[in-house]
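Student: I have a structure open and want to learn how to read it. Can we go through it feature by feature?

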Amino acid sequence: MAELGSKGVTAGKIASNVQKKLTRAQEKVLQKLGKADETKDEQFEQCVQNFNKQLSEGTRLQKDLRTYLASVKAMHEASKKLTECLQEVYEPDWPGRDDTNKIAENNDLLWTDFHQKLVDQALLTMDTYLGQFPDIKSRIAKRGRKLVDYDSARHHFEALQTAKKKDETKIAKAEEELVKAQKVFEEMNVDLQEELPSLWNSRVGFYVNTFQSIAGLEENFHKEMSKLNQNLHDVLLGLDKQYSGNAFPIKAQPRKKTKLFARLRKKMSSDSTPVKANKSPSPPPDGSPITSPETKTVNHELEPSTLEAPGASIPKSPSQPAEAAHAGAETAGSEAAAGAEASKTEADSGSSSLPAVVVETFPATVNGTVEGGASSERADMPPGFLFKVQAMHDYTATDSDELQLKAGDVVLVIPFENPEEQDEGWLMGVKESDWIQHKELDQCRGVFPENFTERVQ
């Protein structure tokens, strides 16, 4: 019998709950259709909006705080691995080894303490703060249901009172249900009306305390970490002073082509042919004086107009020695040399009476002055001069075609004769001091690593 009674109570309660849900659903439909009025409390609705906003902000703050803590833990692990690496590479005979080990231990302890305090003073407080929201949210929802019950009871009572055929028994029962529903609703409503504004206002103090705690913990952590870093800096500074001679070397990029000039000189020597001495020609039948190409010279005292005029002839000077004639031909340039060679051929063939002809195709030089607009500064530079660089570090040449550099040396950069010979990261040039002294490229120029220098002009 007891079991049946128990089952009957359970069945009755379920039936009662189902009936309440049906009544509330019917009431909500009528209210939405405008066929039944709804009790409104704008002040309470504003409190509910604030509550939802506060819950959303708190949930986001909790999520971001957990992300922050995860980042702190990741930084702790990264810092720990870094200090472990330092301990492994720090050799036993280096000064400060014990200090580095102690710094590594303190570093680990400091990260652990920082993380734990963040959990205790920020995350747990955050969890406690958000822990009150689910219960209040549930009570707000229940208040809403009780409000619908109150409106439904009120409408039912009013309908019985306005009916044409009144049933006093039903009216009395409906009134009793209305009073009961109103009492339940108002009790819940009063409690929430007090709690929601108080909870909303508490957010300010909570945010202040939370972020003050985080800021204070960070400040102390960074102060202590700064001390550890300064200690580590001092230890490594002592190590650097003791081993200052073992500075990290700056290396040049590897070269694929080596002994560039050696190959070029070998090729030039193989291509060249020995010069045979000219035999003295027989005197002409008419008895005219012999004129050989060795006695022809270029007169450098001629007027610029004579030098610049195409096809201008240069008179012979029989009395000048062959060496002076050869030097004059080199001064006049490659074109004059070609003319002298032509005159030599003519002399060998017996046509010695014709004068040598020199065609000037480059800016003429008269009494050491460059004509044609070229600047004297550019003329002082080696052919093809590009720009100047200054050596920032010493470089020891490892091949015969490389320049030996000392820090401070100025190098005049010139192009490669064959661009295919240039390796990446290497330049061709001649040291400025060598160029000023010798004015000779063949013996002074060489290649050097670009990363040992910086451009100055």
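**Reading helix packing, burial and contacts**

Tutor: Start with two helices: the axes of α4 and helix α5 (residues 168-242) come within 8 Å and cross at roughly 150°. Axes are lines fitted to C-alpha atoms, for helices over the stretch in contact, and angles run from 0 to 180 degrees between N-to-C directions. Helices (H or I, at least four residues) and strands (E, at least two) are DSSP runs, numbered from the N terminus. The model is predicted: local features need pLDDT of at least 70, side-chain atom pairs count only at pLDDT 80 or more, and totals for chains, interfaces and linings use all residues. Residues are numbered from 1 along each chain as its sequence is written, and side-chain values use heavy atoms, with hydrogens and water left out.

Student: Are α4 and α5 roughly parallel or roughly antiparallel to each other?

Tutor: Angles under 35 degrees count as roughly parallel, over 145 as roughly antiparallel, 65 to 115 as roughly perpendicular and the rest as oblique. α4 and α5 are therefore roughly antiparallel. By class, their contact has 18 nonpolar, four polar and eleven charged residues. Here Ala, Val, Leu, Ile, Met, Phe, Trp, Tyr, Cys and Pro count as nonpolar, Asp, Glu, Lys and Arg as charged, and the others, Gly among them, as polar.

Student: Is the crossing of α4 and α5 left-handed or right-handed?

Tutor: A crossing is left-handed if the near helix is turned anticlockwise from the far one by less than a right angle, and right-handed if clockwise. The crossing of α4 and α5 is left-handed.

Student: How do the axes of α2 and α4 cross?

Tutor: Helix α2 (residues 42-89) and helix α4 (residues 133-161) have axes that come within 12 Å and cross at roughly 150°. That makes α2 roughly antiparallel to α4. This crossing is left-handed.

Student: Which residues of α2 and α4 meet?

Tutor: Contact means heavy atoms within 4.5 Å. From α2 come Phe 44, Val 48, Phe 51, Gln 54 and Leu 55; from α4, Phe 133, Ile 136, Lys 137, Ile 140 and Arg 143. By class, this contact has seven nonpolar, one polar and two charged residues.

Student: Is His 76 buried or exposed?

Tutor: Buried means under 20% relative accessible area, exposed over 50%, partly exposed in between (1.4 Å probe, protein chains only). His 76 is found in helix α2. Its relative accessible area is 12%, so His 76 is buried.

Student: What is His 76 in contact with?

Tutor: Leave aside its neighbours within four places in sequence. His 76 is then in contact with Asp 108, Trp 111 and Thr 112. With Asp 108 there is a polar contact, side chain to side chain, at 2.6 Å. A polar contact is a pair of N or O atoms within 3.5 Å; within protein, one must be able to donate a hydrogen and the other to accept it, and residues adjacent in sequence count only if both atoms are side-chain atoms.

Student: Which residues does Gln 193 touch?

Tutor: Gln 193 lies in helix α5. Not counting residues up to four places away in sequence, Gln 193 touches Asp 41 and Phe 44. The side chains of Gln 193 and Asp 41 are joined by a polar contact of 2.8 Å.

Student: How far apart in space are Thr 210 and Ala 122?

Tutor: They are 5.7 Å apart, C-alpha to C-alpha, and 88 residues apart in sequence. Thr 210 is in helix α5. Thr 210 counts as buried, at 3% relative accessibility.

Student: And where is Lys 102?

Tutor: Lys 102 is in helix α3 (residues 97-131). Lys 102 counts as partly exposed, at 47% relative accessibility. Lys 102 and Leu 228 are 126 residues apart in sequence and 9.7 Å apart in space, C-alpha to C-alpha.

Student: What is phi of Lys 439 near?

Tutor: Most residues other than glycine have a negative phi. Phi of Lys 439 is near 55°, a positive value. Lys 439 lies in the loop between α11 (432-438) and β8 (446-449). With a relative accessible area of 43%, Lys 439 is partly exposed.

Student: How many helices and strands are in the protein?

Tutor: Eleven helices and nine strands. Of the 457 residues, 30% are buried. Among contacts between residues at least 6 apart in sequence, 72% join residues at least 24 apart.
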